[in-house]
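Visitor: I am new to this structure and would like a short tour. May we look at how its helices pack and where its pockets lie?

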Amino acid sequence: MAERVLPQHLGIIMDGNGRWAKKRGLPRSAGHAAGAKVFKQMVLYCGDIGLKYLTIYAFSTENWKRPQKEVLSLVSLFKIYLKDALDNFLNRNIQVRFLGDTSVFDPQLRKLIDEIKEASVGHTGMVLNIALNYGGRAEIVRAVRLLAQDVQQGKIKPEEIEEADIASRLYTAGEPDPDLIIRPSGEQRTSNFMLWQSAYTEYLVMDTLWPDFTPADLERAFDIYAKRDRRFGGI
Ligand code: IPE
Ligand code: IPE
Ligand code: MG
């Protein structure tokens, strides 16, 4: 059998938890709980099939606009699943990284994040980026500030700045750009996810709501991806 063309880097915008709950007459928090279970299942599945990089959009810089009750229910799920990651994923050689400004979270969540980063040191398996309080624009602003500091300190001249100088100051520094970004739940927008990195990413919107997403949906996405003709501006 021919070798399957898997993306090297897959991004997933977890979406549709609220609608999934609403359809069942449940509170939105129940949708998030169901979505978090799928998050874990997908991470383990992607690790098992040998994916190199997986980036999951879990909480955006705009999600703070939601009612405080919902934000708190999300934060409490992050704690449960990061604790679970410490106990489960990390013995699978997975390297967990965080994209976004996590300094704003409460001390308990920050401590878990630090423990996970520490436990990941030396791991050589799949890189799992968890985008938490992440926004593509905020990420670019941060990179520009870092560059401006370097200009101010005379480390680089404005006319010397190249694309690579921005890329190396993003949260994803050193990682390949995503090849495929999947957005479940049918919404056709980026919602501020990996703006810089997705210049030539293949986008796939799927109708399945995230809590209903299964490995079979992922396999379907990989089949569609394998048939795409990526030209990167060439012919
Ligand atoms: C995704 O599901 C979870 C987060 C954004 C954290 P939503 O909560 O956005 O679900 P819908 O889009 O309202 O259905
Ligand atoms: C994007 O989903 C953010 C995450 C999945 C973390 P949203 O549900 O927040 O996006 P919009 O509001 O529909 O664009
Ligand atoms: Mg949504």
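**Helix packing and pockets**

Guide: Arg28, Ser29, His32, Ala33, Ala36, Lys37, Phe39 and Lys40 of helix 2 are in contact with Glu70, Ser73, Leu74, Leu77, Tyr81 and Asp84 of helix 3. By class, the residues of this contact between helix 2 and helix 3 are six nonpolar, three polar and five charged. Please note that the model is a predicted one.

Visitor: At what angle do helix 2 and helix 3 pack?

Guide: The angle between helix 2 and helix 3 is about 25 degrees, and their axes are 10 Å apart. Angles under 35 degrees count as roughly parallel, and helix 2 and helix 3 are therefore roughly parallel to each other.

Visitor: Is the crossing of helix 2 and helix 3 right-handed or left-handed?

Guide: Helix 2 crosses helix 3 in a right-handed manner.

Visitor: And how do helix 3 and helix 4 pack?

Guide: Helix 4 covers residues 107-120, and helix 3 packs with helix 4 at about 25 degrees, the axes being 10 Å apart. These two, helix 3 and helix 4, are therefore also roughly parallel to each other. Helix 3 passes helix 4 in a left-handed crossing.

Visitor: Which residues make that contact?

Guide: From helix 3 come Val75, Phe78, Lys79, Leu82, Lys83, Ala85 and Leu86, and from helix 4 come Gln108, Leu109, Leu112, Ile113, Glu115, Ile116 and Ala119. The contact of helix 3 with helix 4 has ten nonpolar residues, one polar and three charged.

Visitor: Back to helix 2, then. How does helix 2 pack with helix 7?

Guide: Helix 2 spans residues 28-48 and helix 7 spans residues 215-226; they pack at about 50 degrees, with axes 10 Å apart. That angle makes helix 2 oblique to helix 7. The crossing of helix 2 past helix 7 is right-handed.

Visitor: Which residues meet there?

Guide: Gln41, Met42, Tyr45 and Cys46 of helix 2 meet Pro215, Leu218 and Glu219 of helix 7. Five of the residues in the contact of helix 2 with helix 7 are nonpolar, one is polar and one is charged.

Visitor: Changing topic: how much space lies in the largest pocket?

Guide: The largest pocket holds about 720 Å³ of space. Its lining consists of 32 residues, and Met14, Tyr57, Ala58, Asn63 and Arg66 are those nearest its centre.

Visitor: Which helices and strands supply that lining?

Guide: At least two lining residues of the largest pocket come from each of helix 1 (17-23), helix 2, strand 2 (53-60), helix 3 (68-87) and strand 4 (127-134).

Visitor: How many lining residues of the largest pocket are nonpolar, polar and charged?

Guide: In the largest pocket, 15 lining residues are nonpolar, eight are polar and nine are charged.

Visitor: What about the second largest pocket?

Guide: The volume of the second largest pocket is about 150 Å³. The residues that line the second largest pocket are Arg97, Phe98, Gly100, Thr102, Lys117, Tyr171, Ala173 and Glu175. By class, that lining has three nonpolar, two polar and three charged residues.

Methods. Residues numbered from 1 in each chain as written. Chains lettered and ligands numbered in written order. Predicted model: local features only at pLDDT ≥ 70, side-chain atom pairs only at ≥ 80, totals over all residues. Heavy atoms only, no water. Axes fitted to C-alpha atoms, helices over the stretch in contact; angles between N-to-C directions. Helix = DSSP H or I, 4+ residues; strand = E, 2+ residues; numbered from the N terminus. Parallel < 35°, antiparallel > 145°, perpendicular 65-115°, else oblique. Left-handed = near helix turned anticlockwise from the far one by under 90°. Contact = heavy atoms within 4.5 Å. Nonpolar A, V, L, I, M, F, W, Y, C, P; charged D, E, K, R; others polar. 1 Å grid on protein atoms, 1.4 Å probe; cavity = no way out; pocket = protein on both sides within 12 Å on 5 of 7 lines; lining within 4 Å. Points joined across faces, edges and corners; volume = space filled by probe spheres on them.
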